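User: I would like a close look at a single part of the structure shown below. Please give it as one connected account.

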Amino acid sequence: MNVDRRRNVGPANVKPLVFAESRPPAQHIDPKIFLETGLIQNCSGSSYLENDKTIIVTSIYGPRPNFARSFNDQASLKVSVELSKFLPLDNLKDNRKNITPDKERLVASLESFMLSNFQSLILLQNYPKSSIEIFVQVVALNPAHSLVYTLKNIVNGVSVALVDSGLNIRSVASCGYSGGADHEMAVNFSGEDEILGIWSDFAAFDESFDSAIDTCEKDSLQLRKEINGYLLQKATAKQ
Amino acid sequence: MSQTASLKLNRFPPDVLARIAPDMLLQKYLQIGLRPSLRKFDEFRPVVISCAGVGRYEASEPNGDINGVGSVLGSSIVKSGKTTAICLISGAIVEDDHELVNDYRTKLEKDIIDSDTHKDNKNASVYTEVEISRGASGPPNEEEIAVSHRLYETIYHSGLIERDALRIRLGYKGSEELEQEFVPHTNYSFVLYATIQVFSRAGPVYDLCYGALISALRQTRLPAVYIAEKRTEAGVRRVRVEEYDLVCEAEKNEPLKLNENKIAWSSTFGLVELDRDVPHDEDKMEIDTDGKILLAELEGEAEENIDTRITVSSNGSTLSGLSVYGAAGVTKEELRKAFDLANRRAQYVLNSREMEM
């Protein structure tokens with residue numbers, strides 16, 4: 001019998017709480033974000049991002065010595081996403097399948113998307129023999145936020161934390177979002193016309209796809225302006 | 001021909017010295033009457049308690065959408081110095097007679113003895129999981145396991161939550177009481193879970209976690225439960241098995257009843273001896289003591305090296321918990337001083353405005 005003795009998990013025969021149907025969550029999304037960096041002390045860089053009741057805490061550790069391999073000429077990057085235990089995950093579903101996914105698979109797909117994004121953003125070759133680890137904790141989640149919208153928030157949180165950590169990066173990335181009734185898309189830009197990653201549920205690459213990318217770019221530009229403004233203000237305030 | 005090698009004196013900044021020679025750094029600070037964190041010996045860090053307001057029924061906070069969904073029943077944020085602890089409380093339902101505390105297959109010998117002694121007790125506890133953000137993934141480390149279990153045991157033995165407070169009184173949907181003849185034969189209770197996330201750990205975290213757990217429990221609201229229409233009754237010969245669909249009301253709830261006088265605050269002290277052998281500057285010596293020095297709320301790498309620790313919980317007037325590590329050489333006098341400080345600290349924190357919430 002496989003029992004987790006390291007965690008205090010409680011009795012095995014419990015029934016989860018089932019709640020009566022309540023009012024559907026409001027669907028409008030407040031685009032205002034609250035950003036703060038450097039709140040966590042014992043890591044190289046951190047950020048706290050709050051958007052419409054969704055709270056995302058990112059901490060970056062590294063470059064730290066990597067003892068895992070005999071030699072590696074560039075830093076190994078690791079991304080871990082942690083969804084807090086009691087979050088309402090009902091809305092984090094894949095639009096195409098319309099089912100609430102398994103938490104582990106959800107986390108795995110988020111992690112792999114971010115890994116491929118930030119591998120090409122961070123100048124890993126500047127840190128041989130080391131490892132860089134990014135930890136994202138979703139502390140609170142607005143139930144109205146979809147998976148793609150949450151992804152946008154997470155990516156932006158990580159981008160700001162990367163700046164705070166002082167790691168060598170090519171540019172400050174910012175992720176834009178476009179959401180319609182049928183399709184959603186989040187595109188991570190590292191500069192003008194430079195795309196790091198696209199997460200979308202489009203099946204065909206028609207005009208609506210192009211216009212969605214344009215919307216994302218506009219959104220990302222707007223965000224970049226805000227992020228740059230914040231970082232500049234923070235940098236000048238220190239002196 | 002002779003070569004002379006000169007040794008250059010190395011100067012380390014305090015944070016580096018704290019890592020390579022923690023005891024030396026600590027002694028250097030103690031000599032001038034300060035601690036590495038620049039606090040006084042018996043000075044605590046300021047603590048700020050606030051409700052996170054993410055719970056399902058915590059509508060008092062203007063958090064709109066986030067309330068009313070999800071299964072979080074209570075929440076709190078406690079900040080002490082730079083360290084932050086976020087506590088979320090959730091629950092589940094268990095059939096009273098079947099709570100698997102006595103399942104011998106899943107237990108170690110010690111647990112079997114424990115659960116036998118717990119069986120007839122009227123106290124309940126919270127299954128706690130502590131996560132300290134430390135830049136590593138994987139299973140919980142030693143400290144997290146120890147703190148989680150200690151919180152569980154402390155809540156249990158303090159009698160803060162009575163088993164009766166978690167018992168579910170089934171009703172109809174709405175406000176009516178369930179008629180006597182429809183009441184099921186089995187009793188149901190809530191089981192409470194808590195996760196505590198700690199950011200920016202700077203020293204022992206038990207006190208902060210305990211504070212976060214207590215404040216979240218004070219915010220916790222339990223849902224009203226009714227039996228949904230579906231009810232299955234299976235009869236195999238003479239054994240009748242009843243199963244009900246228990247549904248929690250979306251809006252209706254009541255606060256979790258706690259034994260208010262059992263609410264305590266815990267304080268951890270370190271005990272350290274002033275080392276006369278460490279070279280010191282006579283002129284700068286600020287303190288003159290032969291006994292040991294009691295340090296309140298350890299913080300930083302240098303102080304974590306102290307092995308003798310005293311943890312005292314108190315509700316302001318009555319002592320409710322005491323544990324001493326590395327007890328050799330702890331005198332009555334020192335314990336009395338720790339009690340006194342812990343009492344005053346508890347009075348201050350528990351009577352502060354935030355705790356009233």
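Analyst: Chain B contains eight helices and 13 strands, where helices (H or I, at least four residues) and strands (E, at least two) are DSSP runs numbered from the N terminus. The model is predicted: local features need pLDDT of at least 70 and side-chain atom pairs count only at pLDDT 80 or more, while totals for chains, interfaces and linings use all residues. Residues are numbered from 1 along each chain as its sequence is written, and chains are lettered from A and ligands numbered from 1 in the order in which they are written.

The part to look at is strand S10 of chain B, with its surroundings. Eight of the nine residues of S10(B) are buried, so to speak mostly covered; a residue is buried if 20 or more other C-beta atoms, placed from the backbone, lie within 10 Å of its own, exposed if 12 or fewer, and partly exposed in between. For the whole of chain B, 35% of the 357 residues count as buried.

S10(B) pairs antiparallel with strand S12 (residues 309-314) of chain B over six bridges, pairing being called when DSSP finds at least two bridges between two strands. Within that pair, Phe269(B) has Ile310(B) of S12(B) as its bridge partner. S10(B) also runs antiparallel to S11(B), to which five bridges join it. There, Gly270(B) stands opposite Leu295(B). In a regular strand the side chains alternate between the two faces of the sheet.

The buried residues in H2 (residues 22-31) of chain B are Leu25(B), Leu26(B), Gln27(B) and Leu30(B). An α-helix has 3.6 residues a turn, so residues three or four places apart point the same way. Just after H2(B), Gly33(B) takes a positive phi of about 80°. A further positive phi, near 50°, occurs at Glu297(B), which is not a glycine. Glu297(B) sits in the loop between S11 and H6 of chain B, and it counts as buried because it has 25 C-beta neighbours inside 10 Å.

Chain B is divided into domain 1 (16-44 + 264-356) and domain 2 (47-259), with bounds from an automatic or database domain assignment. Domain 1 of chain B puts 17 residues into the contact and domain 2 of chain B puts in 14, two residues being in contact if their C-beta atoms, placed from the backbone, lie within 7 Å. On the domain 1 side, two or more residues each come from S10 (265-273), helix H6 (300-304), strand S13 (319-325) and helix H8 (353-356) of chain B. S10(B) gives the most to this side, with four residues. The residues of the domain 1 side divide into five nonpolar, seven polar and five charged; Ala, Val, Leu, Ile, Met, Phe, Trp, Tyr, Cys and Pro count as nonpolar, Asp, Glu, Lys and Arg as charged, and the others, Gly among them, as polar. Over chain B as a whole, 72% of the contacts between residues at least 6 apart in sequence join residues at least 24 apart.

Chain B meets chain A through other elements. In that contact, 48 residues of chain B touch 44 residues of chain A. On the chain B side, strand S3 (83-95), strand S5 (126-132), helix H4 (142-158), strand S7 (188-199) and strand S9 (239-255) each give two or more residues. S3(B) supplies the largest share of this side, seven residues. By class, the chain B side has 24 nonpolar, 17 polar and seven charged residues.

As for chain A, S1(A) has the lowest mean pLDDT (82) among the elements of that chain, where pLDDT is the predictor's confidence in each residue, from 0 to 100. The mean for chain A is 86, and 90% of its residues reach 70 or more. Chain A comes to three helices and nine strands, and buried residues make up 41% of its 239 residues.
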